[in-house]
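Please read the following report alongside the sequence and the three-dimensional view, which are shown first.

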Amino acid sequence: MDFAFVSGNPALDLAGTVRSRGDEPVDLLATPADLERWVAECDGLPDGVTADFAAFESALSLREAVYRLALDRVLDRPFDPGSLEIVNGTAAGPVPTVELADAGLRMSGGILAVLSQLARSGIAVLADPRARLKECGRANCARIYLDRSRGARRTWCGMDECGNRVKAAAYRARRRASALAESREPGEAT
Ligand SMILES: [Zn+2]
């Protein structure tokens, strides 16, 4: 399965690497190589980063801590202290180096700098009282995203991921219902 970068924030996208948290979770990060691929595909992170198993474990605990804190925000309850400790501790690590070049911004750093950068961007969104964090409207998805739309009317984490699936399911349900109604009509007439 492909990674989705639809949450509007890299830390929330990391949390979204567990799909369908609502019913049958699918973990897209099964190995350090998966994490390396995710980091390479995510915008705003250093390129060519390698991850050993210890860093992989740290990434997974950061991911679950970010998800828990984002859920705390969505449910408007106090932050889980253990998750705060993980996110704050990770953010205190080394940060990526940024350089200006003719080609634009160049960012470099190892996996620990990547995790620290992710924790920092998670903190930035979770600390922002105006950030509208929402849980996807497809119940089984449970992905948390940042709604930046005008009027905050976004319902799905992404149209491809969930919006179109829900709409297609609703369409099929309507078709079934009307087919059922048609098949019942002769019976009802007698
Ligand atoms: Zn969704």
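## A buried alanine and its loop

At 17% relative accessibility, Ala-152 counts as buried, where buried means under 20% relative accessible area, exposed over 50% and partly exposed in between, with a 1.4 Å probe and protein chains only. Ala-152 lies in the loop between S6 and H6, and its phi is near 50°, a positive value in a residue other than glycine. Helices (H or I, at least four residues) and strands (E, at least two) are DSSP runs, numbered from the N terminus.

A positive phi, near 65°, also occurs at Ala-142, again a residue other than glycine. Ala-142 is placed in the loop between S5 and S6, and with 6% relative accessibility it counts as buried.

## Basis of the model

This is a predicted model, in which local features need pLDDT of at least 70 and side-chain atom pairs count only at pLDDT 80 or more, whereas totals for chains, interfaces and linings use all residues. Residues are numbered from 1 along each chain as its sequence is written, and side-chain values use heavy atoms, with hydrogens and water left out.

## The zinc site

The zinc ion is coordinated by the SG atoms of Cys-136, Cys-141, Cys-157 and Cys-162 at 2.3 to 2.4 Å; donors are N, O and S atoms within 2.8 Å of the metal (3.2 Å for Na, K and Ca), and since water is not among the atoms, sites may look incomplete. The arrangement is tetrahedral because the four donor atoms subtend angles of 101 to 117° around the zinc ion, the criterion for four donors being that all angles lie between 85 and 135 degrees.

In sequence, the donor residues follow the spacing C-x4-C-x15-C-x4-C. Cys-141, in the loop between strand S5 (133–135) and strand S6 (144–146), and Cys-162, in helix H6 (residues 159–189), are 21 residues apart, and this pair links distant parts of the chain. Cys-141 counts as buried at 6% relative accessibility, and Cys-162 counts as buried at 1%.

## The S3–S4 hairpin

Strand S3 (residues 97–101) and strand S4 (residues 104–108) pair in the antiparallel sense over five bridges, pairing being assigned if DSSP finds at least two bridges between two strands. The two strands form a hairpin with two residues between them, and Leu-100 has Leu-105 in S4 as its bridge partner.

## Two helical serines

Ser-83, found in helix H4 (residues 81–91), is buried, with a relative accessible area of 7%. Leaving aside residues up to four places away in sequence, Ser-83 touches Ala-65, Arg-68 and Leu-69, contact meaning heavy atoms within 4.5 Å.

Ser-58 lies in helix H3 (residues 53–74) and is partly exposed, with a relative accessible area of 31%.

Notes. Tetrahedral: all angles 85-135°; square planar, octahedral: opposite > 155°, others 65-115°.
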